[in-house]
Amino acid sequence: MKFKTRLKVTFAVIVLVPIVLMTFAFMLIGATLLRSQRISGFGDVDYTTMSDGVQAVGLQTQLLYEELLKKLEESPYIFEDEAFLDSVSSDIGRKNSYILVRKDGEIYYTGNKIAAEQIIDKLPEYGQDNPESFSGYFFNDSQKYVKQLDFVFSDGTPGSLFIISRVVSLIYKPMLVDMFIAICAILVFTSIMLTRWIHKGVFRPINQLNVAMKKIKDGNFDYMLSTDSKGEIGDLYRNYEDMRLRLKESTEEKMVQEKQNRELISNISHDLKTPITAIKGYMEGILDGVADTPEKMDKYIKTVYNKANDMDRLINELTIYSGIDSNRIPYNFHRINVADYFGDCVEEVGLDLESKNIELNYSNLVAPDTIIIADPEQMKRVINNIIGNSIKYIDKAKGVIDIRILDELDSVRIEIEDNGKGISAKDLPKVFERFYRTDASRNSSQGGSGIGLSIVKKIVEDHGGYIWATSKEGEGTCMHFVIRKYRELQDTPNEGRKKEEYS
């Protein structure tokens with residue numbers, strides 16, 4: 001749930017739930033009070049009496065008035081009996097009322113002497129009461145309701161019995177106390193309910209997210225957070241998961257890269273140590289006079305020169321490798337005639353292969369005027385890296401390398417095949433990965449930094465082509481790469497010039 005929606009629900013609960021519960025509490029408390037008043041002799045009371053204090057007191061007083069009037073009719077001098085008056089006072093005292101009997105303007109009897117002395121002068125004269133009327137006298141200044149019943153004492157003196165009730169004390173006091181308690185309980189209940197809801201929906205997820213972030217800080221990228229929640233909390237969880245997976249992937253890549261770099265350093269150290277050791281050995285032979293004939297001297301110098309070239313090639317390979325990730329391999333593209341260019345390449349590498357007792361076969365099946373767009377220097381690096389890789393792993397007494405140039409309509413496919421030990425099926429898809437080596441196809445004891453074919457793949461792809469390998473163990477390996485042809489468009493009616501494009 002979104003925070004905006006959650007706030008709306010919280011506001012609605014804060015406002016509506018207390019109102020509904022207080023309404024229910026008011027009805028329940030009111031019903032209880034009404035029932036208790038009926039049981040205690042209050043009479044026929046309802047919710048109207050609870051909202052109108054004067055009416056409620058009037059009903060109570062009228063009932064008592066009618067009861068006393070009935071007693072008076074049965075015994076005219078009963079109001080002279082103090083025992084009877086005491087019983088009446090005791091009964092109505094529980095209803096916040098009392099009686100006052102007046103004889104000849106003086107207090108004859110009262111259930112509340114202090115209150116009676118304060119109101120005696122305000123009471124109506126004898127004969128002003130209308131027995132047929134339910135109305136009484138209401139003194140607003142003291143909140144008293146008075147009902148008068150006139151009678152005659154046994155000695156002929158006129159007297160009056162007054163039923164005096166406090167208006168506000170009939171129902172409101174207990175009801176207000178009960179309502180106050182109910183409101184407090186309702187507010188506590190609403191607060192607890194909202195607190196639990198907010199804690200479950202907001203604070204608990206945030207605490208879980210905080211724990212997860214501490215795990216990330218400690219380098220633990222396997223602590224997962226999953227949720228089906230919508231809104232901001234759900235978005236936070238999903239963003240955390242995305243971040244965790246990316247950090248985990250980045251960390252794993254960094255570890256792999258560090259491992260590869262260590263392997264590269266090891267391979268480079270091995271590859272540099274071999275020619276350096278050879279150069280030192282041959283130079284010591286020259287200095288010690290071992291090369292004591294012109295033929296030996298020429299052989300030693302050529303060997304030193306070749307080893308220096310190997311070191312130069314390795315350094316150039318490292319330079320190219322450093323530019324792969326940053327896409328800073330220098331290119332200088334030209335239109336190249338396929339037949340001429342590859343013919344020159346074959347002639348150049350043929351001399352080196354001949355010295356290594358490796359047979360080179362070359363066939364060109366494309367048209368003489370076929371042109372591609374390529375960087376001659378980088379394309380030569382592709383040829384040399386593939387052939388150099390083949391030379392390392394030729395395990396036959398008579399090595400053979402075939403170079404074929406094939407026409408594929410809009411593209412030119414170059415195939416370089418050897419009769420080496422081959423590559424297993426499980427290793428074949430990985431041969432273009434950086435630093436990838438297997439015992440069958442890339443034995444580090446034979447030298448090589450392990451980045452040659454990855455550089456080949458990068459250069460071919462930067463030329464808009466693609467490369468793959470096929471192989472059979474024990475028979476040999478064939479590298480295939482494809483470069484698009486270059487063609488020119490004919491003059492168009494709207495343009496009086498030629499356009500150049502890749503087909």
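How many salt bridges does the structure hold? The structure holds 15 of them, a salt bridge being a side-chain nitrogen of Lys or Arg within 4 Å of a carboxyl oxygen of Asp or Glu. This is a predicted model, in which local features need pLDDT of at least 70 and side-chain atom pairs count only at pLDDT 80 or more, whereas totals for chains, interfaces and linings use all residues. Residues are numbered from 1 along each chain as its sequence is written, and side-chain values use heavy atoms, with hydrogens and water left out.

**Helices H9 and H10**

- The axes of helix H9 (residues 338–355) and helix H10 (residues 376–392) come within 11 Å and cross at roughly 35°; axes are lines fitted to C-alpha atoms, for helices over the stretch in contact, with angles from 0 to 180 degrees between N-to-C directions.
- Helices (H or I, at least four residues) and strands (E, at least two) are DSSP runs, numbered from the N terminus.
- The crossing of H9 and H10 is right-handed, a term used if the near helix is turned clockwise from the far one by less than a right angle.
- Residues in contact (heavy atoms within 4.5 Å) include Tyr 341, Phe 342 and Val 349 in H9, and Met 379, Ile 383 and Ile 387 in H10.
- By class, the contact of H9 with H10 has 9 nonpolar, 1 polar and 3 charged residues, where Ala, Val, Leu, Ile, Met, Phe, Trp, Tyr, Cys and Pro count as nonpolar, Asp, Glu, Lys and Arg as charged, and the others, Gly among them, as polar.

**Salt bridges**

- Side chains of opposite charge can pair when their charged atoms come close.
- Lys 380 and Glu 348 form a salt bridge through their side chains, at 3.2 Å from N to O.
- Because Lys 380 lies in helix H10 and Glu 348 in helix H9, this pair ties together parts that are 32 residues apart in sequence.
- Lys 380 is partly exposed at a relative accessible area of 27%, and Glu 348 is partly exposed at 45%; buried means under 20% relative accessible area, exposed over 50% and partly exposed in between, with a 1.4 Å probe and protein chains only.
- Glu 417 forms a salt bridge with Arg 404, with the closest N and O atoms 2.7 Å apart.
- This pair links distant parts of the chain, Glu 417 being in strand E10 (residues 411–418) and Arg 404 in strand E9 (residues 399–408), 13 residues apart.
- Glu 417 counts as partly exposed at 29% relative accessibility, as does Arg 404 at 21%.
- A salt bridge also joins the side chains of Arg 413 and Glu 408, at 3.3 Å from N to O, and a network of salt bridges links Arg 404, Glu 408, Arg 413, Glu 415 and Glu 417.

**Aromatic pairs**

- The structure holds 7 aromatic pairs, in which rings of Phe, Tyr and Trp (its six-membered ring) have centres within 6.5 Å, and planes under 30 degrees apart count as stacked, over 60 as edge-to-face and the rest as tilted.
- Phe 79 and Phe 151 form an edge-to-face pair, 4.9 Å centre to centre with 80° between the planes.
- Phe 79 lies in the loop between helix H3 (53–74) and helix H4 (82–93) and Phe 151 in strand E4 (residues 144–152), so the pair ties together parts that are 72 residues apart in sequence.
- Phe 79 is buried at a relative accessible area of 0%, and Phe 151 is buried at 5%.
- Ring pairs link Phe 79, Phe 151, Tyr 108 and Phe 153 into a cluster.
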